[in-house]
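Have a look at the structure first, then try each task before reading on.

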Amino acid sequence: MKPWVNYFNMIIFRLLPETSCFALKRSLFRFAGAKIGKNVRICSSVHIMGCGELIIGDDVWIGHEVFISTTSRVEIGNYVDIAPMVYIGTGTHRIDAKGLHSAGEGISENIKIEDGAWLCARSTLLPGVVIGKNSVVAAGAVVTKPFPFSRVLIGGIPASEIKKI
């Protein structure tokens, strides 16, 4: 995405009604370089930042106050629902036990959310995560590793598979 274009998008977003003007919002993100599918509904309080690649499939809902930080690639499949206050971030740091800062070298890893997944409120997806087809990430879960399996409920801190659904 083009960070300078997206900066202006975020200003415009704040002026738009929260749950309408979806076609305009899609157009603004496409102009910034994101690949946005059909019937994507993005709330105005969503914050998307970074210079990485953003791909969103068809019929996706991105709820209130979702934060997406992309320094590499975030890929969201078709029919995905993202509830309020979800965090999706591709960047982190290696721990530096000997340096002046514990946050050492910066690293980025892609995130993929497959078709039909549901990310419940306040869940967190960290770098390198894969959420399988039609899987559910429970409210408040912190996902630190890939769960590429279809139809599983993932929850906890750190997240683990709770059961098949």
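This is a predicted model: local features need pLDDT of at least 70, side-chain atom pairs count only at pLDDT 80 or more; totals for chains, interfaces and linings use all residues.

Residues are numbered from 1 along each chain as its sequence is written, and side-chain values use heavy atoms, leaving out hydrogens and water.

**Exercise 1.** Classify the pair Y7 and F8.

Step 1: Rings of Phe, Tyr and Trp (its six-membered ring) pair if their centres lie within 6.5 Å; planes under 30 degrees apart are stacked, over 60 edge-to-face, and the rest tilted. The rule gives four aromatic pairs.
Step 2: Y7 and F8 have ring centres 5.3 Å apart and planes at 80°, so they are edge-to-face.

**Exercise 2.** Work out how F13 and F29 pair, and whether F13 is buried or exposed.

Step 1: The ring centres of F13 and F29 are 4.9 Å apart with planes at 70°, so this pair is edge-to-face.
Step 2: F13 belongs to helix α1 (residues 3–15) and F29 to helix α2 (residues 22–31), so the pair ties together parts 16 residues apart in sequence. Helices are DSSP runs (H or I, at least four residues), numbered from the N terminus.
Step 3: Buried means under 20% relative accessible area, exposed over 50%, and partly exposed in between (1.4 Å probe, protein chains only). F13, at 0%, is buried, and F29 is buried at 0% too.

**Exercise 3.** Find the ring under the charged end of K2.

Step 1: A charge sits over a ring if NZ of Lys or CZ of Arg is within 6 Å of the ring centre and within 35 degrees of the ring normal.
Step 2: The charged end of K2 sits over the ring of F31, 5.7 Å from its centre.

Conventions. Helices (H or I, at least four residues) and strands (E, at least two) are DSSP runs, numbered from the N terminus.
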